[in-house]
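Here is a short tour to read alongside your viewer. Have the sequence and the model open together.

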Amino acid sequence: MGIKVYGSPVSPGVRRVLAALSEKELDYEFINVNMMTGDHKKEPFISINPFGQVPGFEDGDVKLFESRAIVRYIEQAYKDKNPLSFDDAKKMGPVYSWMEAEALHFDTAAGSLAFQLALAPLFGMPTNDAVVAEKEAKLGPVLDIYEARLSKSKYLGADTYTLADMLHLPTIHYLSGTKAKALFDARPHVKAWVADILARPAWARVLEKTKA
Ligand SMILES: N[C@@H](CCC(=O)N[C@@H](CS)C(=O)NCC(=O)O)C(=O)O
């Protein structure tokens with residue numbers, strides 16, 4: 001049985017899940033899903049994710065989809081090893097808020113930018129400059145809010161690294177190799193935070209494991 005992660009190694013969602021497993025130093029089996037041939041839209045994969053998107057995840061008889069939900073599961077199921085959350089509700093509250101900020105404010109702009117600037121070229125697809133301009137204009141004000149938060153707190157959810165920071169890694173990694181890096185670099189606390197989270201050994205192991 002054991003842990004199985006299904007998907008493409010370049011997928012940000014897949015890498016988000018691998019980041020969680022890497023922080024916990026958990027062994028897992030990676031099963032490549034050939035998206036070129038549409039295997040993510042067919043059985044057996046859609047028994048894991050009925051929406052036909054990677055990643056898919058299994059831990060024994062637990063089958064999950066949605067990368068952020070999988071990360072929460074891993075944190076709770078393997079809490080004892082390198083905890084990235086708190087039992088105390090008052091300490092955990094801000095972590096929840098910043099986890100939602102990642103999904104609903106940051107990723108809605110940065111995820112599309114990462115696709116346009118980093119992933120589309122990887123797949124030989126054209127970059128849509130209008131989408132890039134629109135999403136850059138949306139990301140700037142979000143990063144202003146991050147700058148204000150990070151000028152008061154070393155990490156987003158707490159003074160220590162938590163799930164809230166970790167969720168950002170795949171998208172920030174992709175954007176750090178593009179012109180959108182300038183948006184992060186223009187804000188000193190955001191820039192320092194980006195350098196800090198990208199330098200985590202657990203993330204280096206993910207990049208090693210997923211490199212082409
Ligand atoms: N919210 C989902 C997003 C998953 C997602 O968009 N996966 C992409 C690859 S990065 C995918 O499977 N795209 C193929 C499709 O939507 O048909 C998650 O975080 O797991």
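## Helices and strands

The protein chain holds nine helices and four strands, in the order β-α-β-β-β-α-α-α-α-α-α-α-α along the sequence. Helices (H or I, at least four residues) and strands (E, at least two) are DSSP runs numbered from the N terminus. With a radius of gyration of 17 Å, close to the 17 Å that the globule rule gives for 212 residues, the protein chain is as compact as a globular protein of that length. That radius is taken over C-alpha atoms, and the rule is 2.2 Å times the number of residues to the power 0.38.

This is a predicted model, where local features need pLDDT of at least 70 and side-chain atom pairs pLDDT 80 or more, while totals for chains, interfaces and linings use all residues. Residues are numbered from 1 along each chain as its sequence is written, and side-chain values use heavy atoms, leaving out hydrogens and water.

## Inside the fold

Of the 212 residues of the protein chain, 48% are buried, meaning under 20% relative accessible area (1.4 Å probe, protein chains only). Among contacts (heavy atoms within 4.5 Å) between residues at least 6 apart in sequence, 66% join residues at least 24 apart.

## A closer look at α2

Which residues of helix α2 (residues 67–77) are buried? They are Ser 67, Arg 68, Ile 70, Val 71, Ile 74 and Glu 75. These residues lie on the same side of α2, because they cover an arc of only 155 degrees around the axis, judged by the directions from the helix axis to the C-beta atoms. Their cover includes α1 (12–23), β3 (56–59), β4 (62–65), α3 (89–122) and α5 (163–166).

Terms used:
Buried < 20%, exposed > 50% of the residue type's maximum accessible area, 1.4 Å probe, protein only.
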